Number of protein chains: 2
Amino acid sequence: MQALSELKRCQGRKIVLVPTMGYFHEGHLNLMKVGRNQGDDLVVSIYVNPMQFAPTEDFANYPRDFERDKRLAEGVGVDWIFSPEHREMYPEGYQTHVEVEGVTSNLCGISRPRFFRGVTTVCTKLFHIVKPHITIFGRKDFQQYVTIKRMVQDLNLDIEVIGMRTTREPDGLAMSSRNVYLKSEERESALSLSRSLLLAKGVYEKGERETEIILKEVREFIAGHPYVKIDYAQICDVVTMKDVSRIEGNAVLALAVWVGKTRLIDNHVFGEPLDI
Amino acid sequence: MQALSELKRCQGRKIVLVPTMGYFHEGHLNLMKVGRNQGDDLVVSIYVNPMQFAPTEDFANYPRDFERDKRLAEGVGVDWIFSPEHREMYPEGYQTHVEVEGVTSNLCGISRPRFFRGVTTVCTKLFHIVKPHITIFGRKDFQQYVTIKRMVQDLNLDIEVIGMRTTREPDGLAMSSRNVYLKSEERESALSLSRSLLLAKGVYEKGERETEIILKEVREFIAGHPYVKIDYAQICDVVTMKDVSRIEGNAVLALAVWVGKTRLIDNHVFGEPLDI
């Protein structure tokens with residue numbers, strides 16, 4: 001992969017990387033379609049990265065279907081799939097990590113303490129292997145997108161990071177590979193995330209700027225559904241990811257909610273449209 | 001620098017980077033002379049990296065002389081000097097680091113807890129900025145050399161790391177920018193490091209393999225000099241940097257000794273020549 005990318009770069013071709021954990025849905029395919037138009041060689045990495053899962057999490061059960069992913073990728077014009085083995089990514093004696101501190105100290109950084117370290121480490125490795133000019137991330141994982149942008153800037157990686165809006169089901173549910181975990185009776189409760197974002201958007205547009213007032217409505221709305229347990233519902237600065245008490249400039253409402261045994265995330269940046 | 005390096009790479013030119021903190025001595029110049037023969041474009045970075053100094057250490061007083069360094073670099077055929085400002089390397093909001101765990105947990109990793117994190121972080125940044133094919137490190141900082149090799153391998157950096165033997169004064173003292181700190185009456189004591197390495201080499205060559213027996217002689221020899229305080233004297237595996245009780249295969253005798261207010265390091269890999 002490195003030799004191929006080096007060759008392509010020296011031929012003047014622009015390389016775009018879409019890093020994924022596979023099991024593609026429309027959201028992934030939309031990132032690839034954008035990637036297709038942004039460069040000459042479109043690389044998709046498929047790697048379920050053990051370093052970003054805690055022992056209690058769903059690494060073993062995370063859905064995988066390489067043949068289906070390959071067909072779907074080909075369908076949107078992907079040139080190369082990079083899908084390494086664990087023993088290639090973390091051989092015996094492996095001992096290095098990359099960590100972004102500030103922006104990972106809130107939200108998922110609290111619920112999943114090793115998650116971002118795993119993400120930033122594997123992305124650094126993928127960037128070194130694929131050598132892209134451009135990389136594309138979904139903004140459903142908003143904090144992840146901010147973390148990657150911060151890392152790329154701090155470590156002087158010569159890569160443009162593009163963040164793409166969340167792709168949703170017709171009823172508003174944010175697309176996620178983990179949606180396959182949802183039982184049929186949990187599906188309606190899963191909609192409480194996107195619907196609470198719409199609710200918050202409405203409250204904001206009527207002029208409310210106090211985050212505790214908005215968050216109280218959001219939390220009450222979600223908690224009114226069966227099977228749910230809120231992990232967090234917070235409003236944060238989009239650069240620092242720290243909680244804000246008033247919305248001034250850009251702020252993001254970030255949600256993580258357990259629906260049964262499935263942990264879902266979603267978010268809304270105030271002042272931007274919500275695609276429902 | 002990135003644009004220049006990208007251009008050179010695409011012209012098929014091989015880039016060599018020698019990362020330094022400046023205040024060049026013969027050791028630095030020897031790295032550059034080797035670099036000159038290894039590639040087409042020879043880049044030397046000069047950056048006294050605050051992240052690798054503890055607040056109690058000599059960051060403020062570390063010797064600097066850019067104009068002299070520039071002349072010396074030109075004299076050995078260096079093509080480019082990359083010498084950034086702190087505000088470019090660590091702008092406001094900076095929050096990312098790179099850490100190698102296992103090999104940094106012994107020796108200088110104990111005496112200087114943040115040192116290797118600072119080194120691996122700044123080297124990652126320099127590698128991303130200068131985009132070298134080859135980088136050259138001195139092996140006086142043997143643990144640093146091992147750490148950089150480990151990091152390059154673990155993070156899949158597409159860079160060859162070359163380690164160069166230590167350059168010494170005619171009397172055996174390992175060259176170091178910090179040697180200028182030594183008072184004239186301390187100079188003889190500073191020779192206790194290289195002389196104890198020669199002593200250990202002799203004991204080894206007579207067949208001794210028990211590290212405690214060799215280390216006892218080394219420590220007693222050094223301690224017999226005025227102004228000295230041993231920080232560490234250990235024999236370690238050259239890959240893991242963990243202490244070994246017997247020398248089997250490659251092992252390194254690593255020394256850190258305070259001579260007055262100057263902390264000096266030196267080392268000897270058993271089975272290899274010591275250039276004195």
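Two strands are counted as paired when DSSP finds at least two bridges between them. Helices (H or I, at least four residues) and strands (E, at least two) are DSSP runs, numbered from the N terminus. Welcome to a predicted model, in which local features need pLDDT of at least 70 and side-chain atom pairs count only at pLDDT 80 or more, while totals for chains, interfaces and linings use all residues. Residues are numbered from 1 along each chain as its sequence is written, and chains are lettered from A and ligands numbered from 1 in the order in which they are written.

**View 1. The open sheet of chain B has five strands.**
Follow the strands of chain B in the order β3-β2-β1-β5-β6; the pairing is parallel. At the edges are β3 (80–82) and β6 (160–164) of chain B, each pairing on one side only. From one strand to the next, the twist averages 25 degrees. Strand β5 (residues 134–138) of chain B runs parallel to β6(B), and five bridges join them. Within this pair, F137(B) stands opposite G163(B) of β6(B). Helix α7 (residues 142–154) of chain B lies across β5 and β6 of chain B, running at about 170 degrees to β6(B). For such angles, axes are lines fitted to C-alpha atoms (for helices over the stretch in contact), and the values run from 0 to 180 degrees between N-to-C directions.

**View 2. Chain A also holds an open sheet of five strands.**
Here the order is β3-β2-β1-β5-β6, and the pairing is parallel. β3 (80–82) and β6 (160–164) of chain A stand at the edges with a single partner strand each, so one side of each is left without a neighbour in the sheet. On average, neighbouring strands of this sheet are turned by 25 degrees against each other, direction ignored. Six bridges pair strand β1 (residues 15–20) of chain A with strand β2 (residues 41–46) of chain A in the parallel sense. Look for V18(A), which stands opposite V44(A) in β2(A). α7(A) packs on the sheet, where it touches β5 (134–138) and β6 of chain A, and its direction makes about 170 degrees with that of β6(A).

**View 3. In chain A, α6(A) packs against α7(A).**
The two helix axes are 11 Å apart and the packing angle is about 50 degrees. α6(A) and α7(A) are therefore oblique to each other; angles under 35 degrees count as roughly parallel, over 145 as roughly antiparallel, 65 to 115 as roughly perpendicular and the rest as oblique. α6(A) passes α7(A) in a right-handed crossing. A crossing is called right-handed if the near helix is turned clockwise from the far one by less than a right angle, and left-handed if anticlockwise. On the α6(A) side you will find F116(A), V119(A), T120(A) and C123(A), which meet Q144(A), T147(A), I148(A) and M151(A) in α7(A). Residues are in contact if their C-beta atoms, placed from the backbone, lie within 7 Å. By class, this contact of α6(A) with α7(A) has five nonpolar, three polar and no charged residues. Ala, Val, Leu, Ile, Met, Phe, Trp, Tyr, Cys and Pro count as nonpolar, Asp, Glu, Lys and Arg as charged, and the others, Gly among them, as polar.

**View 4. Chain A meets chain B.**
Across this boundary, 24 residues of chain A are in contact with 24 residues of chain B. On the chain A side, α1 (2–10), β4 (96–100), α6 (115–130) and α7 each supply at least two residues. β4(A) gives the most, with five residues. The side of chain A that touches chain B divides into nine nonpolar, eight polar and seven charged residues. Zoom in on β4(A) and strand β4 (residues 96–100) of chain B: they run antiparallel, joined by five bridges. H97(A) has E99(B) as its bridge partner in β4(B).

**View 5. Two domains of chain A touch each other.**
An automatic or database domain assignment sets the bounds, giving domain 1 (2–164) and domain 2 (177–269) of chain A. Their C-alpha centres lie 25 Å apart. In the contact, 15 residues of domain 1 of chain A meet 17 residues of domain 2 of chain A. α5 (108–111) and α7 (142–154) of chain A each supply at least two residues of the domain 1 side, and α7(A) gives the most to that side, with three residues. The domain 1 side divides into eight nonpolar, five polar and two charged residues.
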